[in-house]
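Hi,

Here is the structure I promised to pass on.

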Amino acid sequence: MGCVHGKCCCRYPRSSDGDNREDLGRYAQVQTHILAGRSVETAQVPSHNFRLEYSVLTQRGFYPESPEKENQDSYCIRTQLQGNPNVHFFGVFDGHGQFGTECSVFVRDRLVEILANDSTLLDDPIKAYNSAFSITNEELHDSDIDDAMSGTTAITALLVGDMLYVANVGDSRAVMAVKEGNRVVAKDLSSDQTPFRKDECERVKSCGARVLSVDQVEGLKDPDIQSWGDEETEGGDPPRLWVQNGMYPGTAFTRSVGDSTAESIGVVAVPEVTTVHLTANHPFFVVASDGVFEFISSQTVVDMVNRSADPRDASSAIAGESYKLWLDHENRTDDITIIIVHIKALSNSGGGATAKRNGGRTTNTEKETSEIYFTPSASEGYRSVRSELSEVSCCQTVLSSDQSSRVVVSSSLD
């Protein structure tokens, strides 16, 4: 979901079976042909004797009322950060607003550069993440890009040895596949930052935001009823953020990079970071824009990847299903970007040299359980926890450098 002036502000009517539907069918056939031509790349992780096999797909949405509209999604895959063969980065950036493409590309380029040049990256990835997001946000504000009503979400995964750090700002998503007996289950590594989340809703209200759906703003529904159900049932008219005496900015998210106007009512660029100790029970993870998850669950995405030996086939299948479901509900589709990363030949015994993490401690271990850390706040799928980093004060956009506490939440991702 984007801002009210971006790609998600219009509530399109349900598509029909007329000529427009035929055009959409021909369009989908063209997209399927384009999507199939991706390559599979490999990155070694010599510190623990395993490798990553990954593929990416990005595809412009179908906008019948804006046929020249650009794909506002972008992605970044950077292997061997700082020249280290054990450090790899994957990110998806979903732009919104009039200058969403420019914002998405700017953040794509700058965030990874700042991380790569941070001397604390290996010792404290969470601290480096927070610093990189803060600096990138300020640089975007100071750039020639007008980000008053435009910005981007960011879902990123940083692998350091056998540790995976997922930083999320916005409502795109990262999902881990986990072997549980004969099943492969989905575990969300991020929690969508929207007003549907009670903690995020209360935080932005404390910063002065009005939280109302479009129907409430337009007087069609009672604005005093501050209950919107969930994203599955109320996704067509979600709660949005508005200034006290205006009909803007109308963002359906509570965190983003850019969006300088919304920043005054609590929309911050402070990431929530999830940390996972990878084991042999983690066959792959997915990083994707919200265009994928609007109508498809995390478990369905994991099931589709698990059925395909080739991540390119899985990407095409997921994109095709996403397009179909979008067109079943509306007469357009969102931009779609998917990165699928398979984890190959990782054993629970580790091996080789160790990779630094958490202030210099090492990850070489023979434990078979996963340590999962959430900083600053946990998703709805896990019990609620708080660390100092979770207390993002009213309109605060920069965290102090010593706020890098970690909270052990669960060992159930094993």
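Which residues in α2 meet which residues in α3? Before I get to that, please keep in mind that this is a predicted model.

From the α2 side, the residues are Cys-103, Phe-106, Val-107, Arg-110, Leu-111, Ile-114 and Leu-115. What they meet in α3 is Ala-128, Tyr-129, Ala-132, Phe-133, Ile-135, Thr-136, Glu-139 and Leu-140. Sorted by class, that contact comes to 12 nonpolar, 1 polar and 2 charged residues.

As for the geometry, the axes of α2 and α3 come within 9 Å and cross at roughly 140 degrees. An angle over 145 would count as roughly antiparallel, so α2 is described as oblique to α3. The crossing of α2 past α3 is right-handed.

Now α2 itself. The helix runs over residues 100-116, which is 17 residues, and spans 24 Å from its first C-alpha to its last, close to the 24 Å expected at 1.5 Å a residue. Its buried residues include Gly-100, Thr-101, Ser-104, Val-112 and Ala-116, along with Cys-103, Phe-106, Val-107, Leu-111, Ile-114 and Leu-115. Besides α3 (125-142), the buried residues of α2 pack against the strands β3 (73-79), β4 (87-96), β5 (151-160) and β12 (257-258).

Of its 414 residues, 60% are buried. Among contacts with a separation of 6 or more, 71% are between residues 24 or more positions apart.

Cheers

Key: Residues numbered from 1 in each chain as written. Predicted model: local features only at pLDDT ≥ 70, side-chain atom pairs only at ≥ 80, totals over all residues. Heavy atoms only, no water. Helix = DSSP H or I, 4+ residues; strand = E, 2+ residues; numbered from the N terminus. Expected span 1.5 Å × (residues − 1). Buried < 20%, exposed > 50% of the residue type's maximum accessible area, 1.4 Å probe, protein only. Contact = heavy atoms within 4.5 Å. Axes fitted to C-alpha atoms, helices over the stretch in contact; angles between N-to-C directions. Parallel < 35°, antiparallel > 145°, perpendicular 65-115°, else oblique. Left-handed = near helix turned anticlockwise from the far one by under 90°. Nonpolar A, V, L, I, M, F, W, Y, C, P; charged D, E, K, R; others polar.
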